[in-house]
Amino acid sequence: MMDGANGPLQRIEASGAAMAYAVTNGDMHLWPDRGPVFLLQEHRCDPMPDTAWLLGQPSRMLNARHALVDFTGRDSERAALDAWRDAPSPRLAARWLHAPGGQGKTRLAEEFARGSTEAGWKVIIAVHGPGSILQSGRQDLTPGTATGVLLVVDYADRWPLSHLTRLFSNTLLHRDTPARILLLARTAHGWPTVRAELEKASADTSDARLAPLPDGPDRERERMFVAARDSFARVYGFPDPTAIGPPGPLGHPDFGLTLTLHMAALVAVDATARGVRPPDDMTGLSAYLLDRERGHWKRLYENRCEGLEFATPPREMARAVFTAVLTGPMGHAEAASLLNRLSPGVTPTQILDDHALCYPPADPCRPTVLEPLYPDRLAEDFLALSLPGHEVSGHPADSWAATAPATLLALHGPGTPPSWVSRAITFLIAAAERWPHLAAGQLAHLLTDQPELALHAGGTALTALAGVPGLPRDALNAVYDRLPRDSHVDLDVGAAALAARLARLRLAETDSAFAHARANDELARRLFRVGQYEEAATAAQESLRRAWEPIADNDLERKHAAELAEVLTNTGEILAKTGKLEDALVAARRAVEILRHEEESQPGDHQSSLAGALNNLSLRLRATGQYGEAHTMAEEAVALYVRLAADAPAAYEADLAMAHSNLGICLQDLGQTEDALVPARSAYEICRRLVEDEGQWDTVAPLYAETVGNLGVFLWQSGRLEEALPLAEKAVSVRRKLVKANPAAHTPSLATALANYGGLLLDTGHDDKAEAPAREAVGLLSALAAADRDTRRDLAVALYQLGRILRTLDWPNEAATVAMQAVDILRRLAAEHPAAYEASLAEALIEAVQVRVEAREHLPFTPEAAAQAVKIYRDLAQAMPHLYDAPLRHAQAVQAMALAAVGRGAEARSLLGSLLERGQPPMPE
């Protein structure tokens with residue numbers, strides 16, 4: 001609604017038990033069936049809880065939200081966070097702070113948030129949406145006069161990557177004021193892919209590991225124990241707690257966690273107050289505190305005779321607590337239905353009311369029940385002690401708990417998980433890391449029977465699962481076998497971790513060269529998808545080493561030949577992407593050799609595989625500058641796919657389009673632009689029909705985007721600009737849709753499409769519209785280029801186009817800077833692979849010379865750069881005059897201009913005279 005006097009008006013209404021939630025000056029992302037993707041709320045300090053309430057259940061004192069313990073220690077970490085926040089640049093920065101559960105990162109973040117508020121920052125807390133409930137109302141995210149915005153994201157490693165990506169695009173982070181994102185996580189596993197998404201948003205990124213508390217001469221553990229002990233002692237009313245010592249030696253590794261020091265201090269104080277001896281190990285500390293929980297439930301139940309409205313026996317309360325640990329808070333109606341399903345015959349309303357008395361919502365205004373036991377470590381231990389298989393005396397397992405997780409996690413329908421699946425699986429995995437009976441028992445059985453649960457839990461859960469010691473291989477295999485074969489933005493990191501664990505197991509159990517090749521190839525593909533390029537290349541080369549040489553002379557292994565060729569094809573693709581172009585070419589050639597031999601032996605059985613391998617070999621040959629042979633391989637691949645598609649069009653039309661597309665590029669490499677248009681049009685028409693007429697977007701869209709873009713470029717290069725422009729625009733539109741579904745896979749291609757679109761807008765006279773897409777392309781590629789050779793070349797091309805646009809817009813100084821950045825990139829690439837990159841380097845050099853002469857900047861550079869370009873073109877023109885004679889003459893004209901600009905007029909006139917004698921224009925346009 002709009003109010004003419006006061007600007008935007010927001011109205012929030014909710015009726016009955018409904019909840020309404022809205023933000024001001026920020027963005028919301030909603031699922032139609034699940035509510036917000038994430039919730040944002042301004043940070044606030046909770047009031048100090050009532051002392052009697054804390055003493056009723058001592059574990060409440062460990063809740064970081066209450067900040068009961070005076071913050072101490074971590075001085076260097078706090079100073080580092082302050083310095084990161086207050087750095088004058090960049091405007092947007094993100095830091096991934098990771099440490100195992102209980103290390104104190106939440107307390108540190110809370111202290112940092114408090115200090116940031118005092119320093120004038122607007123502090124916002126991000127809560128993952130699924131399963132979260134917030135009170136009705138509005139969250140005002142307006143920074144006002146704040147110094148900047150600090151966004152704190154707890155449990156960031158449990159968020160799907162696509163949800164974090166939406167968060168990073170939020171308006172509150174992209175204003176003129178400084179913005180900082182602090183992401184808290186247990187491990188660094190998910191950081192590389194999250195970092196890539198942040199860099200796409202032009203954020204400065206860093207990570208820090210919160211180290212265990214040192215046990216050295218500075219006695220930091222002792223100081224932290226004393227601070228916690230004294231804070232708890234005030235609650236208990238001890239005037240002088242100095243006589244209360246730790247229950248065990250603080251030098252033990254268990255006490256490297258802030259939480260365990262706090263647990264030790266709390267147990268020591270509580271045991272002193274009760275006149276009992278405290279336990280001296282971590283299992284004992286957890287058991288002690290859980291005994292105190294149970295004792296509280298028992299006292300409340302026994303006091304019902306005195307008029308207290310509490311009617312839930314301790315056994316039923318334990319089951320409610322167990323449920324709450326796995327589900328987290330939820331609405332009353334949903335919780336009542338769940339308890340009925342778990343324990344038929346109970347009175348859920350009474351149990352929920354009594355549970356809320358023991359574990360009230362974190363926010364009294366939230367309409368939730370089943371608030372979980374805190375802290376997380378204690379909750380994990382409660383799960384472990386409730387489930388059968390442990391040997392801790394005095395804590396008998398509950399047979400009910402053995403089946404409860406499976407009931408809780410039963411799918412609501414095909415592929416429809418409950419909203420708490422990620423939390424439940426994550427907690428079971430975390431508990432299994434410290435409790436072996438869970439790994440071999442409950443968790444293994446659950447995932448073997450319902451492996452899809454791990455996928456629904458998300459990539460972070462998969463990563464954690466891969467690190468659980470003692471988890472049977474059958475359970476790992478069951479989960480891995482359910483993973484999608486193709487890339488999945490939210491699962492790729494976890495899939496790579498699982499692949500690494502399984503590869504170690506598989507490689508250790510067999511000496512089969514073929515088995516080793518397959519295991520390494522599978523690992524390489526998974527690592528490659530998450531940006532671990534060098535590790536992927538190592539695995540791929542190991543696949544090559546283990547597979548080819550032993551199998552080549554072993555007739556018994558010929559039955560694996562076709563599969564081995566697939567290994568080699570995948571290996572070639574990975575090696576090419578990591579810059580090992582010659583090794584990639586060797587792998588691709590070998591794949592073709594194997595399949596040719598198989599096709600000769602069994603005609604018709606391997607045509608499809610051979611066609612794919614030929615197409616891949618063509619790509620590898622192009623990357624190393626062997627354009628003639630690349631064209632030959634591409635023609636053969638097209639011929640095979642034409643025959644295959646004639647017999648089975650539904651199976652092979654998309655492959656035929658891919659081969660046509662590659663053939664067009666090969667012809668363009670050879671300077672045969674008109675000929676290139678024929679296969680390019682064929683590829684485009686096939687894909688357009690499959691996507692637009694037959695609805696095959698999910699499987700054909702990436703290839704469709706490629707064919708649209710290629711046809712547009714070929715039309716552009718053949719001078720048919722008006723026909724090319726709508727295709728370039730369409731390529732950008734299709735790529736944007738793909739990026740929304742999978743940013744990691746499609747952002748580089750979107751950037752290339754944007755660069756081409758900007759250049760074509762310039763050449764069609766739309767100068768005022770050309771700059772924006774070109775700048776966007778450079779921004780996207782700059783964040784990606786460090787790790788990917790292909791992307792570095794794309795960045796150079798994008799910079800080249802941006803330089804042309806800036807020169808036309810009469811911004812010669814910036815155009816000169818941009819042009820030299822392109823030259824620097826291409827020089828490095830050409831030094832490593834001259835055949836593949838020298839032509840592009842020469843083109844960039846000529847552009848840089850022209851803009852520098854116009855800007856009158858660094859002129860001594862220009863004759864030398866022009867001469868280098870002329871030499872490159874002269875060498876190329878000797879082999880392919882039809883393709884490089886014209887660029888050579890243009891480069892010579894630019895060289896004359898550069899010589900004149902630095903006062904070497906005689907040389908310039910001599911060169912111009914030579915060009916005129918040959919009928920060439922005296923100066924470039």
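Guide: A residue is called buried if its relative accessible area is under 20%, exposed if over 50%, and partly exposed in between, with a 1.4 Å probe and protein chains only. Helices (H or I, at least four residues) and strands (E, at least two) are DSSP runs, numbered from the N terminus. This is a predicted model, in which local features need pLDDT of at least 70, side-chain atom pairs count only at pLDDT 80 or more, and totals for chains, interfaces and linings use all residues. Residues are numbered from 1 along each chain as its sequence is written, and side-chain values use heavy atoms, with hydrogens and water left out.

Visitor: How many helices and strands are there in the protein?

Guide: The protein has 37 helices and 12 strands. Of its 925 residues, 54% are buried. Contact means heavy atoms within 4.5 Å. Among the contacts with a separation of 6 or more, 70% are between residues 24 or more positions apart.

Visitor: Which residues of helix α14 are buried?

Guide: Helix α14 covers residues 421–434. Its buried residues are Val421, Ala424, Ile425, Thr426, Phe427, Leu428, Ile429, Ala430, Ala431 and Ala432. That is 10 of the 14 residues, so α14 is largely enclosed by the rest of the structure. The cover over these buried residues includes α9, α12 (376–386), α13, α15 (436–449), α16 (452–457) and α17 (459–466).

Visitor: Which residues lie on the two sides of strand β11?

Guide: In a regular strand the side chains alternate between the two faces of the sheet. In β11 (residues 179–185), seven of the seven residues are buried. Ala179, Ile181, Leu183 and Ala185 are on one side, Arg180, Leu182 and Leu184 are on the other, and both faces are covered.

Visitor: Which strands pair with β11 in the parallel sense?

Guide: Two strands pair if DSSP finds at least two bridges between them. Strand β7 (residues 92–98) pairs with β11 in the parallel sense over seven bridges, and Arg95 stands opposite Leu182. Strand β10 (residues 149–153) also pairs with β11 in the parallel sense, over five bridges, and Val153 has Leu183 as its bridge partner.

Visitor: In which sense do β6 and β8 pair?

Guide: Strands β6 and β8 (residues 122–128) pair in the antiparallel sense over five bridges, with Gln41 opposite Ile125. Four of the five residues of β6 (residues 38–42) are buried, so β6 is largely enclosed by the rest of the structure.

Visitor: How is a pair of aromatic rings described?

Guide: Such a pair is described by the distance of the centres and the angle of the planes. Rings of Phe, Tyr and Trp (its six-membered ring) pair if their centres lie within 6.5 Å; planes under 30 degrees apart count as stacked, over 60 as edge-to-face and the rest as tilted. By this rule there are six aromatic pairs. The ring centres of Trp84 and Phe112 are 6.4 Å apart and the planes are at 40°, so the pair is tilted. Trp84 lies in helix α2 (residues 75–86) and Phe112 in helix α3 (residues 105–118), so the pair ties together parts that are 28 residues apart in sequence. Both Trp84 and Phe112 are buried. Phe322 and Trp400 form an edge-to-face pair, at 5.6 Å centre to centre and 75° between the planes. This pair links helix α9 (residues 314–327) with helix α13 (residues 399–408), and its residues are 78 apart.

Key
The expected span of a helix is 1.5 Å times one less than its number of residues.
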